Amino acid sequence: MAIHAQSSGIFCMFSIQTMLIISVSSPGTANLRFPQHYTMIHWAGRIEKELEKVLPQVTGVQQMKSIYNEKRSQFDVKRNSPKDLVERVARDIARLLNSKRKALERLAKEAEQIQTEYPWQDNIKESDIQYYDSKVDAEYVQYREVIFPLKPGSNFTEENLMANPQSISLEFVEDPNFKNKVNYSYTAVQIPTDIYKGSPTILNELNWTQALERVFIDNSREDPSLRWQAFGSATGVTRYYPATPWRTPYKIDLYDVRRRPWYIQGASSPKDMVIIVDVSGSVSGLTLKLMKTSVNEMLDTLSDDDYVNVVQFNEKADVVVSCFKTLVQANLRNKKIFKDKVMQMHAKGTTVYKSGFQFAFEQLLNDTTSAPRANCNKMIMMFTDGGEDRAEEVFEKYNWPNKTVRVFTFSVGQHNYDVAPLQWIACANKGYYFEIPSIGAIRINTQEYLDVLGRPMALAGNQAKQVQWTNVYQDALGLGLVITGTMPVFNLTADNDSKNQLILGVMGVDIALSEIQQLTPRYKLGANGYTFAIDPNGYVLLHPNLQPKIINFREPVTLDFLDAELADSNKEEIRRLMIDGKAGQRKVKTLVKAIDKRYIDEVLRTYIWTPVEGTDYSLGLVLPTYSEHHIRANLSDQILQVQLKDTTDFESLLPHTFESEGRVLIAPREYCKDLELSSNNTEFLLNFIALMEKVTPDSKQCDNFLLHNLILDTGIIRQLVEKVWKTKDLNTYGFLAVFAATDGGITRIFPNKAAETWEEDPEPFNATYYQRSLDNRGYIFRAPYRSRESNTILQEQENDTIGILVSTAVEITVGSRTIRPAVVGVKLDLEAWTSKFKILASNQTDNTRQGSQMCTPTSGCEMDCDAHEDLLCYLIDDGGFLIMSNQINDWSKIGMFFSEVDSALMYALYNNSFYQRKLTFDYQSVCAPIHSSNTGAAPRGVFVPTIADFLNMAWWTSTAAWSLFQQMLYGFAYHSWFTTDEIEASDISESKEASCVRQQTQFYFGNVSSAYSIVQDCENCSRVIHAKRINNTNLLFVVAEKLPCSTCDVEKLFQEELEFIQEDPCLNMPQPRYRKGPSTCFDYNIAENTTDCGRGHSFRPSIRTLLLLQLLLLSLVAHPHILPFSL
């Protein structure tokens, strides 16, 4: 937004009340009047003139323009063609992804061939095979010891705990491409914690997949840029290359490849799922807890391509989330809402399967709603403790004979019900029956339904062998943000003379987002230009604001384009067009949020976008008007001079010159491949200088664009130091420092001692002052930020003074082309400039006005900002932060949001349109953890039956009776009645930051560009307020009376970032955003064999056993003294 106030056309809003207040003296100040409106205008003009005189003179902004003209022969001004740029980058990305596609196709083909030729071995033993078990790493052993601490006297040792004699020992070398230590000669194996690695299925899996090692290595040799290559097996085994020790975030290994986003996407088509949960009275206690956990685990198997709803039923059925009337996208937000509501379910009533199934079918088959769907696999997942009802009439009405909806049934808990009805329901509807008797069976049994969904895909054969690219997610092995190309691997062996319908697993090849970012023209677009890319869900995989602050490999990184930026109707339309795979271009006026999140600017941007061929991705580019051209230096001769040390430009980079010419910081960019990066900028600078003495002018090891522009800018700023900065006495002007930064990556702070307290980013493109100066006309003021919780002001360490940063862009014109290649500025000494501010906003130095305003016994005079503390005078920036004040007590509040200084005054400015506000959300934030005790102790749970239970014969064959019997036997055998088990969570329960959503309100200048006078009315008093924008700055000059009364009942405005907590998720529920699902669907194949639909086991004790049990229990009740407790 052009921060520029018009000095002409001043319109004053005066009411009769205003005039009365101005003309009447304030109590206790008989000879003092509140300043007239034109007096405030006069003061503002003097402030403007002082800034316009001093700032250009000291910063040298005009001289820097002249230096660029003098150096004109050393650079060209090149045009950034947005259309050509975005199309070229899209082609490069398509080429990169296509190269990984070839590796995937080779892996899948070889895997199917190897498995077909592999002879299954029923008697295979662990000793028959050897492999690298990635969990034998010492780090993992340490974590497991934390989870399962050995008791004193135990014969087990740490080596026994994780010992795997079949695991080979490997040596590893550090590889920056993987951000890890790796071994290129072997693959590594990861097996989920809850899978027995000695079972014949797992051992055969390990045996035949060993041959994939050769294919992985061949792929890597052919394409050295390949990152992780992995095969995720349907059995849960993961084999990946190159080998590296396994990582265990949070010290508990919950990794199962079958729950990873890339595996789920590759193993099945999108899903429309309705989960129905039996909450009848028979479901209580442990069974209800198992159900809740099972449903939540089931939700974790869904991705953003899926749609889901959760329904609870007894005699009646209803959704668990009242506002989710139809299926909703299975994104992180919606799944969290479901999980919270599921945990609140209560059991009551009787079981009526018909109600639950009828509700679910109507949800799935209702085509009258316009709500989005996956429109592929349709399924019902029923969780119950059992029953006799088969609900045949419902299936006849809704699902037979076509059986378009699969039904999966889950028998939860330990009970004696006949499971035949549940098995029949699943088998009659192309589903599968599962049993979940205990918590250990939940994870496996809530994910194996994917094998059933994979049948049509396997039967489709080559038609289904398509490469799919995932959403962005965190790599489990530390590579950072990645996308993965996936391809299913089918079992090609014959199954009783028919085609096999099993998926062996999924092949995956990772691409780090950093690889894609390297293909984009980052530095040619300027500080505020950037590229971005989105997927069919509208989620970004490239965007400068894609910066998740917490690493959680279990959750995908799903930042919508409209959440990465400040949404408006233009961006909504751009997002839709990109998802639809269309190309286009649009110039829009939009709002952007500063890096430090304190400011919002209104800017003009060009958006241009095009699809990435061969993928569902779309690439976009954003360019400010002033970045439609860029500087390209041509300094081959200067590079040679650097090597000969025959140039003062090069010498100005050396540390020994800092004392006389100021400190130099260079942006940490990859100027050359051999340049060693360092977090210490001085060390990085020395590394750069050392490398410059070795490289040739056009070395292929270096990025000539970056290198030449850096050296060009070094010379330009050196001349600025010599011609301007060294000639000025900064103290005379009230400045602590003067500085300059350029697109080429050079930042120089003068004098050298001022650099000791310099806190801005050495990369100009990442600095708030740099970006905002380019986007705004004039001088941008910014004080050190101080929140209301802070106890001390952010002060300069050297001399205990506060520095106000002031910066402005250097704009040069070459022919008809205008560019802004640099920013210059100063740091104001707050104490010196506050004194100057008070004088400028007074009558002391204006003889003409001073005479007319001389106080006499018979005539009053106007108050001013210097002599009268009862008059409030402020300079506030465009974000609403205090820059200067004439009040001594406000010294410690400089940099605070003004509402913390004077909440009533800030509200008046906002209410009169000097400021507008924008509520924004950060969906990638972290919040403080919920602290809980690390230990817990409780008696072993014992179910105590009531008298009514004893008198009810049905109870004797129920789960409760058998549970009680088991508990008593356990107690007698182990003497553990009411003993407590203490569990120390140790590091497992240590407090950790959690991902969350944070909200913040930013303020920015409204449409008021003139000077206004307003009256603020409170209940018991009122006051006059003058306000005017300071021309050519981002400052608002405010003059006001002190509030006569102690309070003013107005809204207090807040700016600080807070955690967003929504007690009722159905309040202000956002409308579903436009998305586009995968174009292919494999949910039906006429050749599918549905006879394998699960097997159950009914617990039917004999009559003799029942009678013996009854006698035993009655005897215990009759003689309670033999029990170690009283009933």
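Which cysteine does a disulfide join to Cys1021? The partner is Cys1045, with an S to S distance of 1.8 Å. This is a predicted model. The protein chain has 1127 residues, and 56% of them count as buried. Its secondary structure comes to 34 helices and 41 strands. Among contacts with a separation of 6 or more, 75% are between residues 24 or more positions apart. The disulfide count comes to eight.

**Disulfide Cys1021–Cys1045**

- The link of Cys1021 and Cys1045 is left-handed, with -40° about the S-S bond.
- The pair links distant parts of the chain, 24 residues apart. Cys1021 sits in the loop between β38 (1012–1017) and β39 (1022–1029). Cys1045 sits in the loop between β40 (1035–1041) and β41.
- Cys1021 has 11% relative accessibility, so it counts as buried. Cys1045 counts as buried too, at 16%.

**Disulfide Cys376–Cys1081**

- The sulfur atoms of Cys376 and Cys1081 are 1.8 Å apart, and the two residues form a disulfide.
- This link of Cys376 and Cys1081 is right-handed, at 95° about the S-S bond.
- Cys376 is in the loop between α12 (353–365) and β12 (377–384), while Cys1081 is in the loop between β41 (1058–1059) and α34 (1103–1118), so the bond ties together parts that are 705 residues apart in sequence.

**Disulfide Cys927–Cys996**

- Cys927 and Cys996 form a disulfide with their sulfur atoms 1.7 Å apart.
- The link of Cys927 and Cys996 is right-handed, with 75° about the S-S bond.
- Both cysteines lie in strands: Cys927 in β34 (residues 915–927) and Cys996 in β37 (residues 994–1005). They are 69 residues apart, and the pair links distant parts of the chain.
- Cys927 and Cys996 are both buried.

**Helix packing: α3 with α25**

- Helix α3 (residues 61–70) packs on helix α25 (residues 704–723) at an angle of about 135°. Their axes are 10 Å apart.
- That angle makes α3 oblique to α25. The crossing of α3 past α25 is right-handed.
- From α3, the contact uses Met64, Ile67, Tyr68 and Glu70. From α25, it uses Asp713, Ile716, Ile717, Gln719, Leu720 and Lys723.
- By class, the contact of α3 with α25 holds six nonpolar, one polar and three charged residues.

**Helix packing: α2 with α28**

- The axes of α2 (residues 37–59) and α28 (residues 830–840) come within 9 Å. They cross at roughly 135°, and α2 and α28 are therefore oblique to each other.
- On the α2 side are Trp43, Arg46, Ile47, Glu50, Leu51 and Val54. They meet Trp833, Lys836, Phe837, Ile839 and Leu840 in α28.
- The contact of α2 with α28 has eight nonpolar, no polar and three charged residues.

**Val86 and its surroundings**

- Val86 is in helix α4 (residues 82–117). It is buried, with a relative accessible area of 2%.
- Not counting residues up to four places away in sequence, Val86 touches Ile608, Trp609, Thr610, Leu619, Gly620 and Leu621.
- Val86 and Thr520 are 434 residues apart in sequence, yet 8.7 Å apart in space, C-alpha to C-alpha.

**Backbone points to check by eye**

- Most residues other than glycine have a negative phi, and most peptide bonds are trans.
- Trp400 and Pro401 are joined by a cis peptide bond, with omega about 5°. Pro401 lies in the loop between α13 (392–398) and β13 (405–412).
- Lys403 is also in the loop between α13 and β13. Its phi is positive, about 55°, although Lys403 is not a glycine. Lys403 is partly exposed, at 27% relative accessibility.
- The peptide bond from Phe750 to Pro751 is cis as well, with omega near 0°. Pro751 lies in the loop between β27 (746–750) and α27 (768–775).
- Asn1032, not a glycine, has a positive phi of about 65°. Asn1032 is in the loop between β39 and β40. It is partly exposed, with a relative accessible area of 26%.

Conventions
Residues numbered from 1 in each chain as written. Predicted model: local features only at pLDDT ≥ 70, side-chain atom pairs only at ≥ 80, totals over all residues. Heavy atoms only, no water. Disulfide = S-S within 2.5 Å. Helix = DSSP H or I, 4+ residues; strand = E, 2+ residues; numbered from the N terminus. Buried < 20%, exposed > 50% of the residue type's maximum accessible area, 1.4 Å probe, protein only. Axes fitted to C-alpha atoms, helices over the stretch in contact; angles between N-to-C directions. Parallel < 35°, antiparallel > 145°, perpendicular 65-115°, else oblique. Left-handed = near helix turned anticlockwise from the far one by under 90°. Contact = heavy atoms within 4.5 Å. Nonpolar A, V, L, I, M, F, W, Y, C, P; charged D, E, K, R; others polar.
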